[in-house]
Amino acid sequence: MAPKSFIIFTLLTFSLSFSQISAMNYNVINLAANKPGGIRFTKEIGIPYTKQIMGTINDFIWSTVFQQNTPSDQKLVDSANVYIVEFDGAEAIEWGNNNINVSSIYLNGYQGDQKWQFTSLFYHEMTHIFQWDGEGHAPLSLVEGIADYTKLRAGYAQQGFAKPGQGDRWDQGYDFTARFLEYCDRINSGFVAKLNKKMRFDFDVKYFKDLMGKPVDQLWKEYKAKYGQ
Ligand SMILES: *[C@@H]1O[C@H](CO)[C@@H](O)[C@H](O)[C@H]1NC(C)=O
Ligand SMILES: [Zn+2]
């Protein structure tokens with residue numbers, strides 16, 4: 001091999017190994033292009049922007065939230081697909097491992113900055129693609145809490161998101177559980193990453209004690225006490 005092509009070959013190999021974190025295919029299809037929400041999507045958000053934030057969020061989830069820096073730690077996914085669809089009942093739904101359906105009806109109802117709200121939604125939905133759920137044994141409330149934690153961590157907690165100390169139970173789900181996870185993560189840096197890692201093949205509530213040294217109920221009491229509730 002001539003020196004010049006050898007250098008090019010080496011550079012290529014390096015750039016391939018370093019870009020592994022983004023070696024994903026992001027597909028976005030607007031199946032509601034003629035509906036009001038689908039028209040707003042095209043005008044105010046668009047397919048290029050969606051693909052761009054999918055890459056950013058994917059990297060954020062792996063590097064910051066789950067701290068999975070090697071493919072062997074990560075969930076095996078090579079693509080993520082988004083469908084803008086006319087359906088009612090939910091803002092979005094994650095399904096079949098790596099697909100997200102976004103409701104054009106909800107998109108049409110967004111007030112204010114559409115792009116910001118869409119991005120916030122994607123921090124949550126994309127977490128579902130990459131998180132472990134103890135092979136189905138983890139409570140759904142915790143799974144949703146972790147997805148909302150990603151949003152919170154990224155600075156995309158929407159208006160009305162629970163304040164620290166709010167809620168009645170650690171497993172109340174969504175933003176309530178996310179705030180509790182935030183509390184644990186501040187005491188034990190990387191807690192959410194460690195918890196997710198333990199949830200790869202199973203779930204047991206004692207994972208909290210393993211990581212925090214105290215049972216979850218005691219942690220919850222201390223959390224409530226800290227915020228005077
Ligand atoms: C999502 O939308 C696609 C395309 O319309 C459809 O085939 C699929 O069944 C939908 N998934 C869910 C869970 O609704
Ligand atoms: Zn969810």
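Colleague: Does α3 pass α5 in a left-handed or a right-handed crossing?
Modeller: Heads-up: this is a predicted model, where local features need pLDDT of at least 70, side-chain atom pairs count only at pLDDT 80 or more, and totals for chains, interfaces and linings use all residues; side-chain values use heavy atoms, leaving out hydrogens and water. A crossing is left-handed if the near helix is turned anticlockwise from the far one by less than a right angle, and right-handed if clockwise. For α3 passing α5, the crossing is right-handed.

Colleague: What does the angle make α3 relative to α5?
Modeller: The axes (lines fitted to C-alpha atoms over the stretch in contact, with angles from 0 to 180 degrees between N-to-C directions) of α3, residues 47-65, and α5, residues 114-130, come within 9 Å and cross at roughly 50 degrees. Under 35 degrees is roughly parallel, over 145 roughly antiparallel, 65 to 115 roughly perpendicular, and the rest oblique, so relative to α5, helix α3 is oblique.

Colleague: How many helices and strands does the protein have?
Modeller: Helices (H or I, at least four residues) and strands (E, at least two) are DSSP runs, numbered from the N terminus. Along the sequence they read α-β-α-α-β-β-β-α-α-α-α-α-α-α. That comes to 10 helices and 4 strands.

Colleague: Which residue has a polar side-chain atom 2.4 Å from an oxygen atom of ligand 1?
Modeller: Residues are numbered from 1 along each chain as its sequence is written, and chains are lettered from A and ligands numbered from 1 in the order written. The residues around ligand 1 (a heavy atom within 4 Å) are L31, V85, W95 and N101. The polar side-chain atom 2.4 Å from the ligand 1 oxygen belongs to N101.

Technical notes:
Polar contact = N/O pair within 3.5 Å; in protein donor to acceptor, adjacent residues only side chain to side chain.
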